[in-house]
Amino acid sequence: VNDAFVTIALGTLADYHIEFGSTAGPLRVTMPVNFRHENDPEAGNQWTPARFVAAVDPSAHPFDALQSLRSRLRSVRQEPAISISQTLVAGLQELPAALTTSIVASMVKGSDVVLTDVPGPKQTMSIAGSPVRAIFPLAPVGGAALNFALMSYADKACFGITVDTAAVADPGRMMELFENRLQD
């Protein structure tokens, strides 16, 4: 699911650039990588930001684009530095929230896009006896032009796109292009 999500998001960015008269070369991506183990408690964040460069050929068939990105994403998730970052993250969690936020934001600066995939509750939740129909993620851009976020919820995939309007002139069109890619 994450590989398809990343492919759709990067394809959307390529489409957007082309539509507005430029080409999307390789994009600098920040993507949280989960390092939670099977026996770890469910509460709390256990991830580290991975930074990498990726590109999608906007003319490629969606399946071909997915296959092209899959090996790149696998190598990002298997990067040896990910295991070292667990120690750093544990130290960060001991710091005050404002300082931790500042440090993580500085790690994201210089990225074109943040791609966030968060597993949500597997069962339907309720508030005051009414079922929650969807949970839409709204993740900060954190120094990037935008953040595409995916949150699973029960049997749904919910998406949120947070945009820095200084970098993205037409957020509505970005959303339309994203919806087009989802339908492909």
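How many cavities of 30 Å³ or more does the count come to? The count comes to 1, and this tour will end inside it.

This is a predicted model, where local features need pLDDT of at least 70, side-chain atom pairs count only at pLDDT 80 or more, and totals for chains, interfaces and linings use all residues. Residues are numbered from 1 along each chain as its sequence is written, and side-chain values use heavy atoms, leaving out hydrogens and water.

Start with the whole chain in cartoon view. You have 5 helices and 7 strands (DSSP runs: H or I of at least four residues for helices, E of at least two for strands, numbered from the N terminus). Their order along the sequence is α-β-β-α-α-α-β-β-β-β-β-α.

Next, select residues 2-19, helix α1. After α1, click on glycine 21: its phi is positive, near 85°.

Finally, select Leu10, Ala14, Ala24, Gly25, Leu27, Ala54, Ala55 and Val56, which line the largest cavity (points on a 1 Å grid over the protein atoms alone where a 1.4 Å probe fits but cannot get out; lining residues have an atom within 4 Å of a point). Its volume is about 50 Å³, counted as the space filled by probe spheres set on the points, which are joined across faces, edges and corners.

How values were computed. The expected span of a helix is 1.5 Å times one less than its number of residues. On a 1 Å grid over the protein atoms alone, a cavity is a set of points where a 1.4 Å probe fits but cannot get out, and a pocket is an open set with protein on both sides within 12 Å along at least five of seven lines; lining residues have an atom within 4 Å of a point.
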